[in-house]
Amino acid sequence: MCTVTCIASINIAVIKYWGKRDEVLILPVNDSISATLDTDHLHAKTTVMTSSTFKEDRIWLNGKEEEIKNPRLQNCLTQIRKRARNSNQWKVHICSENNFPTAAGLASSAAGYACLVVALAKLYQIEDDITSIARSGSGSACRSVMGGFVKWCMGSESNGADSIAKQIVPASHWPEMRILILVVNDTKKKISSSIGMKRTIETSDLMQHRIKHVLPNRIKIIEQAIIEKDFKTFAEHTIKDSNQMHAVCLDAYPPVVYMNDVSHTIINFVHAYNEAVNEVKVAYTFDAGPNATLYLLEESVPEFMGVLDHFFPPGINLEQYRKGLTFKEVINSQELFNKINTTRQAPGSLKYIIYTKVGNGPKYLEDPNDHLLNKEENHII
Ligand code: DP6
């Protein structure tokens with residue numbers, strides 16, 4: 001019997017992956033760039049176990065047994081077994097859970113597939129690139145296989161062999177970078193990213209402009225900004241790319257709408273704040289949902305938290321509302337509040353916020369107490 005447990009976290013793209021050129025292999029129409037977040041706050045944890053006594057492959061997700069025949073899961077398992085360096089032919093049991101609510105609309109599949117593939121790679125002793133295997137589970141998952149700032153190169157080969165993720169810089173390169181996730185209260189049922197991007201690529205004319213005329217240059221500029229730690233350029237292109245992704249979504253027919261009124265209020269607020277301080281101190285980005293992710297430097301956090309709490313008053317006590325890293329003292333400046341040209345929201349428009357940083361990528365957990373599967377072949381959670 002052999003058991004491996006691993007944790008991996010979500011990543012938040014600053015240049016969005018939006019559109020596939022191959023739906024089965026999950027090959028994108030553009031390069032994308034993201035930061036992998038710290039595993040302390042938002043991670044998937046996965047245990048994989050093989051044993052001669054297992055009769056079939058099985059999977060449990062967040063405490064519930066799920067269908068192992070899921071094609072994306074099968075893609076990963078098949079490729080792992082093809083590349084295995086050992087001759088382990090035993091069946092595998094997989095158990096995975098997130099330490100954050102899936103319903104919050106955060107990119108749980110990226111963390112989940114990255115974690116699964118990293119764990120399986122150790123079990124089957126695979127030593128070369130595994131990002132392409134994670135990619136075949138969920139495109140953005142390939143970027144969570146490593147820490148720091150990561151680029152997913154779209155590649156050009158039809159079998160996807162060169163569509164892999166590579167680290168641009170490790171987290172230690174820009175240790176001042178912080179991330180604030182603003183979880184927006186929302187009840188609307190969303191269109192999955194797979195469906196949203198398919199509809200966009202099939203029906204949006206603007207999408208061609210984005211792929212051909214905007215992204216090639218933007219990718220180069222933001223990569224350089226990350227290397228040079230040029231926050232202003234990084235922030236401006238992050239903002240523009242999020243807005244462009246949502247613009248091509250609106251250009252789809254029928255339109256694909258992910259942001260809600262609160263999302264738009266956050267956008268206006270961030271621009272009003274940057275204008276009031278006369279500097280681009282905060283960047284926002286939105287994935288396929290209404291939640292905002294903000295990138296900012298640690299030195300900006302006390303002042304920004306002061307204005308955020310003023311304009312978006314928490315609806316619950318601060319202990320439940322602020323999750324993640326401990327906040328340094330928050331600065332409240334009435335003078336700055338007066339300068340910010342936007343309206344104050346009713347308490348509770350944000351469900352909660354998560355404060356985190358860029359992380360080092362997946363980690364193996366060696367302590368047997370961390371395993372989610374036990375010897376009796378039962379899942380523990
Ligand atoms: C908006 O990776 O979830 O988060 O490949 O179909 O599983 P599939 O899509 P997924 O798409 C993520 C889209 C995004 C942007 C990004 O992370 O780059």
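Trainee: Which side chain does Arg81 meet in a salt bridge?

Mentor: Before I answer, note that this is a predicted model, in which local features need pLDDT of at least 70 and side-chain atom pairs count only at pLDDT 80 or more, while totals for chains, interfaces and linings use all residues. Residues are numbered from 1 along each chain as its sequence is written, and side-chain values use heavy atoms, with hydrogens and water left out. A salt bridge is a side-chain nitrogen of Lys or Arg within 4 Å of a carboxyl oxygen of Asp or Glu. Here the partner of Arg81 is Asp57, at 2.9 Å from N to O. Arg81 lies in helix 1 (residues 71-83) and Asp57 in the loop between strand 6 (43-51) and strand 7 (58-61), so the pair ties together parts that are 24 residues apart in sequence. Helices (H or I, at least four residues) and strands (E, at least two) are DSSP runs, numbered from the N terminus.

Trainee: How many salt bridges are there by this rule?

Mentor: The count comes to 18 salt bridges, and three salt bridges are counted between domain 1 and domain 2. Lys357 forms a salt bridge with Asp38, where the closest N and O atoms are 4.0 Å apart.

Trainee: How much area do domain 1 and domain 2 bury between them?

Mentor: Buried area is the accessible area (1.4 Å probe) that two parts lose on being put together, summed over both. For domain 1 and domain 2 this is about 3000 Å², with 70% of it on carbon and sulfur atoms. In domain 1, the residues that lose the most area to domain 2 are Val14, Lys16 and Trp18, which together make up 28% of what that side buries.

Trainee: Which residues are closest to the ligand?

Mentor: A residue is near a molecule if one of its heavy atoms lies within 4 Å of it. By that rule 17 residues surround the ligand, and the closest are Tyr17, Arg72, Ser138, Ser140 and Ser194. An oxygen atom of the ligand is 2.6 Å from a side-chain N or O atom of Arg72, and for the side chain of Ser140 the corresponding distance is 2.7 Å.

Trainee: What should I look for in the backbone?

Mentor: Most residues other than glycine have a negative phi, and most peptide bonds are trans. In this model, the peptide bond from Tyr253 to Pro254 is cis, with omega near -5°, and Pro254 sits in the loop between helix 6 (231-251) and helix 7 (261-276). Ile26 has a positive phi, near 55°, and is placed in the loop between strand 3 (20-22) and strand 4 (27-28).

Notes: Polar contact = N/O pair within 3.5 Å; in protein donor to acceptor, adjacent residues only side chain to side chain.
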